Amino acid sequence: MSMQQQIHTKLSDAIDCTHLEVINESHMHSRGSDSHFKVIVVSEEFSGLRLLPRHRRINDVLKSELANDIHALAIHAHTPEEFSEQSEQVPASPNCLGGSKFD
């Protein structure tokens with residue numbers, strides 16, 4: 001199973017998502033391995049939660065991958081209403097500045 005599939009499976013098993021995208025952005029960076037991802041997680045579970053607890057929830061689900069395999073993870077966590085208000089669009093991920101344990 002690819003890292004992208006693994007991330008998708010873990011998030012969909014742990015969070016009741018109305019929309020879930022896992023985008024491999026590794027090609028935009030110099031590493032060449034599957035280590036840069038963007039996740040778009042839309043769930044009613046995020047209702048009433050601020051941004052930090054939403055990100056903590058996703059980071060907790062992907063704890064092992066973040067510790068061992070993922071160099072960068074852009075998280076976009078929304079309620080269905082928020083995602084709809086944004087016309088189901090998220091901003092582009094920032095450029096990688098490099099420098100990590102993977103160098």
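Glu-65 is buried, with a relative accessible area of 2%, where buried means under 20% relative accessible area, exposed means over 50%, and partly exposed lies in between, for a 1.4 Å probe and protein chains only. The model is predicted, so that local features need pLDDT of at least 70 and side-chain atom pairs count only at pLDDT 80 or more, while totals for chains, interfaces and linings use all residues. Residues are numbered from 1 along each chain as its sequence is written, and side-chain values use heavy atoms, with hydrogens and water left out.

**Salt bridges**

The structure holds five salt bridges, a salt bridge being a side-chain nitrogen of Lys or Arg within 4 Å of a carboxyl oxygen of Asp or Glu. Side chains of opposite charge can pair when their charged atoms come close. Three of these pairs, with their N to O distances, are set out below.

| Pair | Distance (N to O) |
|---|---|
| Lys-10 and Glu-65 | 3.2 Å |
| Arg-57 and Glu-45 | 3.8 Å |
| Lys-63 and Asp-60 | 3.6 Å |

In the pair of Lys-10 and Glu-65, Lys-10 belongs to helix H1 (residues 3-14) and Glu-65 to helix H3 (residues 63-68), so the bridge ties together parts that are 55 residues apart in sequence. Helices (H or I, at least four residues) and strands (E, at least two) are DSSP runs, numbered from the N terminus. Lys-10 is partly exposed, at 29% relative accessibility, whereas Glu-65 is buried.

The side chains of Arg-57 and Glu-45 also meet in a salt bridge, and this pair links distant parts of the chain, since Arg-57 lies in helix H2 (residues 51-61) and Glu-45 in the loop between E2 and H2, 12 residues apart. Arg-57 is partly exposed at 30%, and Glu-45 is partly exposed at 37%. In the pair of Lys-63 and Asp-60, Lys-63 is exposed, with a relative accessible area of 53%, while Asp-60 counts as partly exposed at 46%.

**Strand E3 and His-78**

Strand E2 (residues 36-42) pairs with E3 in the parallel sense over seven bridges, where pairing requires that DSSP finds at least two bridges between two strands. Within this pairing, Phe-37 stands opposite Leu-73 in E3. Six of the seven residues of E3 are buried, so this strand is largely enclosed by the rest of the structure.

His-78 is found in E3, which covers residues 72-78, and His-78 is buried, with a relative accessible area of 11%. Leaving aside residues up to four places away in sequence, the contacts of His-78 include Val-41, Phe-46, Arg-54 and Val-90, a contact meaning heavy atoms within 4.5 Å.
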